[in-house]
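Me: I would like to learn how to read a structural model feature by feature, beginning with the general idea each time and then turning to the case at hand. Could we go through one together?

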Amino acid sequence: MDREAVPTFVTRLVAASVQTGTRVATIRSSPSPLRMHSMPPLFWLKYSVKLLVLPPLAPLLLALVGLGIAGRHPRAGRRIALAGVVALWVLATPAVADFLVRLLDRSPPLHIASATANAQAIVILGGGTRFYAPEYGGATVNPITLERVRYGAYLARLTRLPVLVSGGPTQGAPPEAILMRNVLVHEFGVPVRWMETHARNTHENAVDSAKMLAAAGVHRIVLVGNSFDFPRSRKEFQAQGIDVMPAPIAAPPPVPTRVTDFLPTASGLQQSYYAIYEMLANALFDITPHAAQNPSSSS
């Protein structure tokens, strides 16, 4: 998932514990004043649009508008308010959320033998940071990123392919790539060959990672991300001249299997948010020119 929805803050990494032997330095964040960098108007436009069109705010605003006009137009106001409440209920049901994700992508699980024979590297995309994690002494990966890292470690052990992690800093925390590297090395025992530490969104993940990969002669990768990330993340890397073997995680079941799938839940609403966001981002990608290029030839 993109980190565009959160304003980007950059701070220095000020603590590094260097271990002996083959252990890799574990980098943690320490409290320091946050300094907001000026963001381009387009960033704030996108941020505002997302707030207004994505759940839960969009259906809540619709309900509030209905209540606001109910005094002068009782019938229309009640209908609009009811539409907002119903939309929020529907989008919060796992059955609807899973349906929206299936509309985005139906990629099958990665075929391990094919990846071992054809891919040259594994790329794991960051999915967010848990900024307040005192039990770890600082920021750490959030549940989405942890799930991607776990699957990436699983694939790395099976395929013996080198690993690249991609993700930049947000809200004063260390870059996601560093946090991901720490988890892979210290908790899963999987080495990381490349770290891309500047990207703030999927497009920058692809552009910056592709430059590293091309410099190492890598042109075909296994791309690890959530099911709702595809096909956009795949298109972004392909636009940079990288062939992609999708390795989606958390794909929804083909059909609802439980009665509770039709009851609203917080996780269902969150899944619908991701799915609708990616639908809008895919539509924007499709109408924006993206000329394929070889990153090694770019300045």
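Me: What should I know about the model before reading any value from it?

Reply: It is a predicted model, in which local features need pLDDT of at least 70 and side-chain atom pairs count only at pLDDT 80 or more, whereas totals for chains, interfaces and linings use all residues. Residues are numbered from 1 along each chain as its sequence is written, and side-chain values use heavy atoms, with hydrogens and water left out.

Me: How many helices and strands are there in the protein chain, and what percentage of its residues is buried?

Reply: Helices (H or I, at least four residues) and strands (E, at least two) are DSSP runs, numbered from the N terminus, and the protein chain has 10 helices and 9 strands. Buried means under 20% relative accessible area, exposed over 50%, and partly exposed in between, with a 1.4 Å probe and protein chains only; by that rule 48% of the 299 residues are buried. If contact is taken as heavy atoms within 4.5 Å, then among contacts with a separation of 6 or more, 74% are between residues 24 or more positions apart.

Me: Which residues touch the most other members of the largest nonpolar core?

Reply: A nonpolar core is a set of buried Ala, Val, Leu, Ile, Met, Phe, Trp, Tyr and Cys residues joined through side-chain atoms within 4.5 Å. The largest one here has 27 residues, and Ile-122 and Val-222 are those that touch the most other members. Two or more residues each come from strand S3 (121-125), helix H6 (143-159), strand S6 (163-166), helix H7 (176-186), strand S8 (220-226) and strand S9 (243-249). Another core, of 15 residues, lies apart from it and includes Leu-164, Leu-213, Val-218 and Phe-230. Beyond its neighbours within four places in sequence, Ile-122 is in contact with residues including Leu-155, Ala-156, Val-163, Val-222 and Val-224.

Me: How are aromatic pairs read, and how many are counted by this rule?

Reply: A pair of aromatic rings is described by the distance of the centres and the angle of the planes. Rings of Phe, Tyr and Trp (its six-membered ring) pair if their centres lie within 6.5 Å, and planes under 30 degrees apart count as stacked, over 60 as edge-to-face and the rest as tilted. The count comes to 3 aromatic pairs. Tyr-151 and Tyr-154 form a stacked pair, because their ring centres are 6.0 Å apart and their planes are at 20°. These two tyrosines are 3 residues apart in helix H6, and so are separated by about one helical turn. Tyr-151 counts as buried at 18% relative accessibility, whereas Tyr-154, at 46%, counts as partly exposed. The rings of Tyr-273 and Tyr-274 have centres 5.8 Å apart and planes at 75°, so this pair is edge-to-face.

Me: Which residues of helix H9 are buried, and on how wide an arc do they lie?

Reply: In H9 (residues 232-239), the buried residues are Arg-232, Ser-233, Glu-236, Phe-237 and Ala-239. They cover an arc of only 160° around the axis, and therefore lie on the same side of H9; the arc is that of the directions from the helix axis to the C-beta atoms. Their cover includes S3, helix H8 (202-215), S8, S9 and helix H10 (266-287).

Me: Where does the backbone call for a second look?

Reply: Most residues other than glycine have a negative phi, and most peptide bonds are trans. A cis peptide bond joins Pro-55 and Pro-56, with omega about 5°, and Pro-56 lies in the loop between helix H1 (41-53) and helix H2 (57-69). Another cis peptide bond joins Phe-230 and Pro-231, with omega about 10°, and Pro-231 is placed in the loop between S8 and H9. Arg-160, which is not a glycine, has a positive phi near 65°; it lies in the loop between H6 and S6 and counts as exposed at 72% relative accessibility. Ala-250 likewise has a positive phi, of about 60°, in the loop between S9 and H10, and is partly exposed at 39%.
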